[in-house]
Amino acid sequence: MGDKRLTNNLIQELKRGTLTLSVLLMSGQPTYGYSLVTELQDAGIDVEQNTLYPLLRRLESQGLLQSSWDMGDSRPRKYYSVTDIGRKTAVLLGEEWRRINKVMSELMSGLMNGEERK
Amino acid sequence: MKMVEQYLRAVGSKLPWKSRKDITEELRSLLMDQIEATYGDEPTEDEVKSAISEFGAPGKVAARYNTDRQVVAPGLTDLYFMIMAIMAGAMLIAFTTVFIVEALQEMPAGAELAKRILMVPLNAVGAWLSGVGGLTLVFIVLSRIGRRTVDLEENWKVEDLKDVQVGNKIESKIELIISIALLFIFIVLLNLYPSIVTLAENTFVRSGLHLGHRIVIEVFRRYIGVLTVFWAAGIVLRVLILQKGEKGKSLLWAEIGLSVAEALLAGIMLVDRNLYADTGGWIGFKVIFFILLVVNLAEVGGGLLRMVRDRVVNSDPVSGRR
């Protein structure tokens with residue numbers, strides 16, 4: 001068994017890479033920060049609030065998300081939604097994700113078979 | 001909720017000015033959402049405390065919004081600290097020199113001497129701090145310019161490499177560092193103590209040699225500003241060479257340009273009749289200005305030769321294209 005802390009760090013890195021795609025996929029409809037955190041968590045994506053909120057702003061500055069303040073609720077809320085560029089980027093990222101997934105699955109099955117032979 | 005406001009104030013104080021208000025507003029909304037979702041509409045003080053604690057330390061929360069906000073780019077940090085150290089040494093040498101010159105001329109004693117000795121490090125630190133301010137501004141500009149140049153880490157194409165200059169590797173770092181220190185010393189000495197020129201002349205005369213002319217200090221003062229600008233440009237140029245580790249084409253052109261300007265100034269000083277009194281020959285500062293003229297012209301010639309040599313060496317041997 002490898003070092004537990006190191007493994008945890010590597011898992012975090014792995015998750016971070018997929019977070020952008022997850023956010024773009026889940027921002028089809030306008031959504032606010034806290035709601036997005038819970039939606040992601042419900043979908044099985046464990047994300048820290050303090051990782052997600054700055055990411056939303058970064059994606060907005062990159063033109064992948066757009067935002068607007070809604071003053072109608074009990075308190076003002078900033079809603080984010082995916083832009084056209086964000087949608088196209090999500091499609092491209094999705095294709096890449098499938099390709100990586102396929103390659104990784106093949107690599108993993110090789111690893112599993114090796115383990116079994118041992 | 002006072003505690004939430006206090007927390008937001010603590011986070012806000014660490015956020016960038018430009019987006020502080022917007023981020024704070026958003027964090028307030030997010031934090032309140034979390035509190036409401038976890039503890040309902042009327043949370044107790046302990047529950048609010050717990051929610052804030054879970055949200056994270058103010059510094060850590062703010063840091064996530066502060067990426068890519070460095071005063072000096074990471075690639076320049078070592079150089080920045082090195083120049084700071086060079087400046088500290090140069091200022092100490094410059095002010096010690098001023099102290100020795102003044103002490104030899106005025107022969108202070110007792111309390112006056114002690115006061116002047118004490119003033120040496122104090123003046124050096126004061127000048128160093130002003131210098132660090134200027135240096136920081138230069139490095140901020142360099143860091144911003146650096147961002148716009150070729151970034152080989154991301155979004156790069158092989159074609160971008162044509163903008164990367166491959167010049168002559170610098171032979172000696174120490175030589176550059178010493179010349180930077182000397183230029184700092186010259187700037188401080190001439191600006192603070194222009195009559196050091198007269199002192200040098202007096203020392204020359206005391207040695208028994210004949211001086212053909214003397215510098216008119218009032219006229220010489222007019223040249224000090226121009227000399228300071230040229231030397232400051234020389235410092236910037238050497239810092240850039242140190243940073244790149246080589247003299248690319250643009251730096252070589254800048255060096256040639258500076259040498260032309262310095263040669264021109266030396267020539268003007270050489271023929272400016274108002275600058276000299278008791279003109280009875282060449283022996284004196286005229287010789288120094290003449291040497292400066294020759295050295296700078298030689299540097300211009302050397303630089304141009306290097307340009308020609310580089311063009312020949314870098315040309316395609318088959319097609320002759322560069």
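Among the contacts in chain A between residues at least 6 apart in sequence, 42% join residues at least 24 apart, where two residues are in contact if their C-beta atoms, placed from the backbone, lie within 7 Å. For chain B, 75% of the contacts between residues at least 6 apart in sequence join residues at least 24 apart. The model is predicted, and local features need pLDDT of at least 70, side-chain atom pairs count only at pLDDT 80 or more, and totals for chains, interfaces and linings use all residues. Residues are numbered from 1 along each chain as its sequence is written, and chains are lettered from A and ligands numbered from 1 in the order in which they are written.

**The two chains**

The secondary structure of chain A comprises four helices and three strands, arranged along the sequence in the pattern α-β-α-α-β-β-α. Chain B has eleven helices and four strands. Helices (H or I, at least four residues) and strands (E, at least two) are DSSP runs, numbered from the N terminus.

Of the 118 residues in chain A, 21% are buried; of the 322 residues of chain B, 20% count as buried. A residue is buried if 20 or more other C-beta atoms lie within 10 Å of its own, exposed if 12 or fewer, and partly exposed in between, with C-beta atoms placed from the backbone.

**Where the chains meet**

On the side of chain B, 13 residues are in contact with eleven residues of chain A. Helix H2 (residues 20-39) of chain B gives the most to this side, with eight residues. By class, the side of chain B that touches chain A holds six nonpolar, three polar and four charged residues. Here Ala, Val, Leu, Ile, Met, Phe, Trp, Tyr, Cys and Pro count as nonpolar, Asp, Glu, Lys and Arg as charged, and the others, Gly among them, as polar.

**Nonpolar cores**

A nonpolar core is a set of buried Ala, Val, Leu, Ile, Met, Phe, Trp, Tyr and Cys residues joined through C-beta atoms within 7 Å. The largest nonpolar core has 31 residues, of which A:Leu56, A:Leu65, B:Val11, B:Leu27 and B:Leu31 touch the most other members. The elements that give two or more residues to this core are helix H1 (4-26), H2, H3 and strand E3 (77-82) of chain A, together with helix H1 (2-12), H2, helix H3 (45-55) and helix H4 (58-63) of chain B. H2(B) supplies the largest share of this core, six residues. A second, separate core of 23 residues includes B:Ala94, B:Phe95, B:Trp128 and B:Val239. Not counting residues up to four places away in sequence, B:Leu31 touches B:Val4, B:Ala51 and B:Phe55.

**Helices H1 and H2 of chain B**

Two packed helices are described by the angle between their axes and the distance between the axes. H1(B) and H2(B) pack at an angle of about 145°, with their axes 10 Å apart; axes are lines fitted to C-alpha atoms, for helices over the stretch in contact, and angles run from 0 to 180 degrees between N-to-C directions. In this contact, B:Val4, B:Leu8, B:Val11 and B:Gly12 of H1(B) meet B:Arg20, B:Thr24, B:Leu27, B:Arg28 and B:Leu31 of H2(B). The contact residues divide into five nonpolar, two polar and two charged.

Within H1(B), B:Tyr7, B:Leu8 and B:Val11 are buried. These residues lie on the same side of H1(B) because they cover an arc of only 100° around the axis, the arc being that of the directions from the helix axis to the C-beta atoms. The face of H1(B) turned away from its buried side carries the exposed residues B:Lys2, B:Glu5, B:Gln6 and B:Arg9. The cover over the buried residues of H1(B) includes H2, H3 and H4 of chain B.

A:Val47 is placed in the loop between helix H2 (33-42) and helix H3 (49-61) of chain A. A:Gly86 belongs to helix H4 (residues 84-117) of chain A, and B:Ile177 to helix H7 (residues 173-192) of chain B.

| Residue | C-beta neighbours within 10 Å | Class |
|---|---|---|
| A:Val47 | 18 | partly exposed |
| A:Gly86 | 25 | buried |

Leaving aside neighbours within four places in sequence, A:Val47 is in contact with A:Leu19, A:Val37, A:Leu40, A:Gln41 and A:Leu52. The C-alpha atoms of A:Gly86 and A:Gly28, 58 residues apart along the chain, are separated by 9.7 Å. B:Ile177 and B:Leu242 are 65 residues apart in sequence and 8.5 Å apart in space, C-alpha to C-alpha.
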